[in-house]
Amino acid sequence: MTANNGAFVICDDLYKIFKVAEIEVMALQGLDLTVKKGELVGVVGASGSGKTTLMNVLGGLARPSAGQVIIDGKNLLKLSTRELTAYRQIEVGFVWQQGSRNLIPYLSALDNIKLPMTLAGAAGRHNDQRARELMDLVDLSHRYDHRPIQLSGGEQQRVAIAVALANEPKLLLADEPTGELDSATSDQVYDLFKRLNRDLGLTICIVSHDPDIKEHVSRVIAIRDGKLASETVRRQRKSVSLRAPGHEPAPDDLWEDHFEELIVLDSAGRLQIPKQFREELGFENRVEMEVAEDSILIRPARNLDDTSSQGEIQLEREIRADDNGTRASLLNRLRRK
Ligand SMILES: Nc1ncnc2c1ncn2[C@@H]1O[C@H](COP(=O)(O)OP(=O)(O)OP(=O)(O)O)[C@@H](O)[C@H]1O
Ligand SMILES: [Mg+2]
């Protein structure tokens, strides 16, 4: 079943809290995300912003602490452990940054690809045939019997992609797949993702630190502090040469791609104002808002006095009172905000 409006991935108000030695880390803090079927999406964000956590949640490797995750109409939180294992094995494919995490070192490329099929219960000659087809698909027909150590970094990642596709998943998740590759080899890996997306209709999410990721995908989402902060979309506009006076453009010059960064407004009306803007304009923790004809003006609050911080003080008191118990009521309060 396909989820509503062609949305293949829906994350609604997602929280993930890790607890280490009594200290809680909120890796995801009310993240909303929608990915359409057949989309190729890039995910960027500073280290520690929650990208890998999001991939793990989408891949059924981690259960969120609160919120909803619906993939292809399936609510992951409602799946039993057995159903979740089947989801991980068959419906989603992973590619990680480190080759060692993707591939078993003592198995040949073909055997690495056959392994997930065997684990999912498929056996026989069909597996061998499919493994060869997948090696051909990633342009490695000449490397069937090579072990990972006998492959270059780019080749290893292409085998890793073939492994991830072994059980014909509908969703491919890649966590910094080009993190250890030079830029020419990274481009080859991105080209492969684009081809798989176009030819197989695969929905793909690629986490990257590479600022050029936007050149390779249709949309880039930026995560900040465990929330979706902004989205960069590819748009078309009249080419510069068309606008240059006296220049007669060739027909192909008429339109060109450009990128626009849009700030995400979540379902509760929250948005993140980029730090650079806040610093430049002297925004602190209170702002004034004014509705204009077709826009909203936000400016630093003037004449701040003590009363404006009363709510904050009260919330801090409540959090402190909560320290002995669980974080649940804090979460509830955050979600009501
Ligand atoms: N298993 C875990 N136990 C405790 N804390 C964790 C765990 N996994 C992640 N975290 C914490 O959650 C936050 C988000 O981590 P995550 O790995 O998702 O970030 P990231 O955006 O992938 O960073 P990077 O770009 O460095 O890979 C970090 O503060 C991290 O320390
Ligand atoms: Mg990470």
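Start by selecting residues 153-164, which form helix H6, and residues 183-200, which form helix H7. Keep in mind that you're looking at a predicted model. The axes of H6 and H7 are 9 Å apart, and the angle between them is about 15 degrees. Angles under 35 degrees count as roughly parallel, so H6 and H7 are roughly parallel to each other. Turn the view around and you'll find that the crossing of H6 and H7 is right-handed.

Now show the residues where the two helices touch. On the H6 side, pick Gly153, Gly154, Gln157, Arg158 and Ile161; on the H7 side, pick Thr185, Gln188, Val189 and Leu192. Colour them by class: this contact of H6 with H7 has five polar residues, three nonpolar and one charged.

Next stop: another helix pair. Select helix H4 (residues 109-119) and helix H5 (residues 125-137). Their axes come within 9 Å, but cross at roughly 125 degrees. H4 and H5 are therefore oblique to each other. This crossing is right-handed. From H4, the contact takes in Ala109, Leu110, Ile113, Lys114, Met117 and Thr118, and from H5 it takes in Asn127, Asp128, Arg130, Ala131, Arg132, Leu134 and Met135. What classes do the residues in the contact of H4 with H5 fall into? Seven are nonpolar, four are charged and two are polar.

Zoom in on Leu58: beyond its neighbours within four places in sequence, Leu58 is in contact with Val9, Val69, Ile71, Leu173 and Cys205.

Now head for strand E2 (residues 23-36) and click on Leu28. Is Leu28 buried or exposed? Leu28 counts as buried, because 26 C-beta neighbours lie inside 10 Å and the cut-off for buried is 20 or more. Setting aside neighbours within four places in sequence, the contacts of Leu28 are Leu14, Tyr15, Lys16, Gly50, Thr53, Leu54, Pro64 and Gly226. Try the distance tool on Phe18 too: Phe18 and Leu28 are 10 residues apart in sequence, and their C-alpha atoms are 9.6 Å apart.

Finally, zoom out to the whole chain. There are 11 helices and 13 strands, and 28% of the 337 residues count as buried. Among contacts with a separation of 6 or more, 64% join residues 24 or more positions apart.

Definitions and conventions. Residues are numbered from 1 along each chain as its sequence is written. Chains are lettered from A and ligands numbered from 1 in the order in which they are written. This is a predicted model: local features need pLDDT of at least 70, side-chain atom pairs count only at pLDDT 80 or more; totals for chains, interfaces and linings use all residues. Axes are lines fitted to C-alpha atoms, for helices over the stretch in contact, and angles run from 0 to 180 degrees between N-to-C directions. Helices (H or I, at least four residues) and strands (E, at least two) are DSSP runs, numbered from the N terminus. Angles under 35 degrees count as roughly parallel, over 145 as roughly antiparallel, 65 to 115 as roughly perpendicular and the rest as oblique. A crossing is left-handed if the near helix is turned anticlockwise from the far one by less than a right angle, and right-handed if clockwise. Two residues are in contact if their C-beta atoms, placed from the backbone, lie within 7 Å. Ala, Val, Leu, Ile, Met, Phe, Trp, Tyr, Cys and Pro count as nonpolar, Asp, Glu, Lys and Arg as charged, and the others, Gly among them, as polar. A residue is buried if 20 or more other C-beta atoms lie within 10 Å of its own, exposed if 12 or fewer, and partly exposed in between; C-beta atoms are placed from the backbone.
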